[in-house]
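Subject: Structure for you to look at

Dear colleague,

I am handing over the structure we spoke about, with my notes below it. Please read them alongside the coordinates and tell me where you would look further.

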Amino acid sequence: LTEVQKQNGVVAFSSGNHAQAVALSGKLLGIKTTIVMPTDAPELKVKATKSYGGNIVLYDRHLEDRVAIGQKLSEEQGMTLIHPYDNRDVISGQGTAAYELINEIGQLDYLFVCVGGGGLIS
């Protein structure tokens, strides 16, 4: 992100993992984060996202479009939209997650990964 983008903050949409990652990254880097989450997102994930400093915007997944909400917030408030899977930097980070884990922990017999949207496991 450029300095201007950092100052304006970021917006993302996610039911959990991406939301938490963006919120925590924002907290660590001093960047305001707004996360669009469905009203039926797991309470644990909503609480975790809030605890990382994410400003939560709830929407009804049956009646509203999260992409449209994220894009509208981005345009109206000058925030950068961090798409959960259609973003080169996000894909690069997801692609190196297992590599980084193995470098830190060492050889694994098994690796179990929870799958929501599927971005991390892909």
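Leaving aside residues up to four places away in sequence, His18 is in contact with Ala12, Phe13, Ile82, His83, Pro84 and Val90. This histidine belongs to helix H2, and because its relative accessible area is 13%, below the 20% cut-off, His18 counts as buried. Please keep in mind throughout that the model is a predicted one.

One of the residues that His18 touches, Ile82, has a list of its own: with residues up to four places away in sequence again not counted, Ile82 touches Leu1, Val10, Val11, Ala12, His18, Val22, Asn87 and Val90. Ile82 is also part of the largest nonpolar core, a set of 12 residues whose other members are Val10, Ala12, Ala19, Val22, Ile31, Ile35, Met37, Ala41, Val46, Ile56 and Val90. To this core S1, H2 and S2 each contribute at least two residues. As a general background to both, nonpolar side chains in soluble globular proteins tend to be buried together.

Strand S1, which spans residues 10-13, is covered on both of its faces, with Val10 and Ala12 buried on one side and Val11 and Phe13 buried on the other. S1 pairs in the parallel sense with strand S2 (residues 33-38) over four bridges, and Ala12 is found opposite Ile35 of S2.

Turning to helix H3, which covers residues 43-51, its buried residues are Val46, Ala48 and Thr49. These lie on the same side of H3, because the arc that they cover around the axis is only 165°. Their packing partners are H2, S2 and strand S3 (55-59), while the face turned away from this buried side carries the exposed residues Glu43, Leu44, Lys47 and Lys50. Just after H3 comes Gly53, which adopts a positive phi of about 95°.

In helix H4 (residues 66-77) you will find Lys72, which counts as partly exposed because its relative accessibility is 49%, between the cut-offs of 20% and 50%. From C-alpha to C-alpha, Lys72 is 13 Å from Ile35 in space, and the two are 37 residues apart in sequence.

Finally, which residues form the one aromatic pair that the structure holds? The partners are Tyr110 and Phe112, whose rings are stacked, with 6.1 Å from centre to centre and 25° between the planes. Tyr110 counts as exposed because its relative accessibility is 66%, over the 50% cut-off, and Phe112 likewise counts as exposed, with a relative accessibility of 75%.

With best wishes

Key. Residues numbered from 1 in each chain as written. Predicted model: local features only at pLDDT ≥ 70, side-chain atom pairs only at ≥ 80, totals over all residues. Heavy atoms only, no water. Buried < 20%, exposed > 50% of the residue type's maximum accessible area, 1.4 Å probe, protein only. Pairing = 2+ DSSP bridges. Arc of directions from axis to C-beta. Contact = heavy atoms within 4.5 Å. Phe/Tyr/Trp six-rings, centres within 6.5 Å; stacked < 30°, edge-to-face > 60°. Core = buried A, V, L, I, M, F, W, Y, C linked by side-chain atoms within 4.5 Å.
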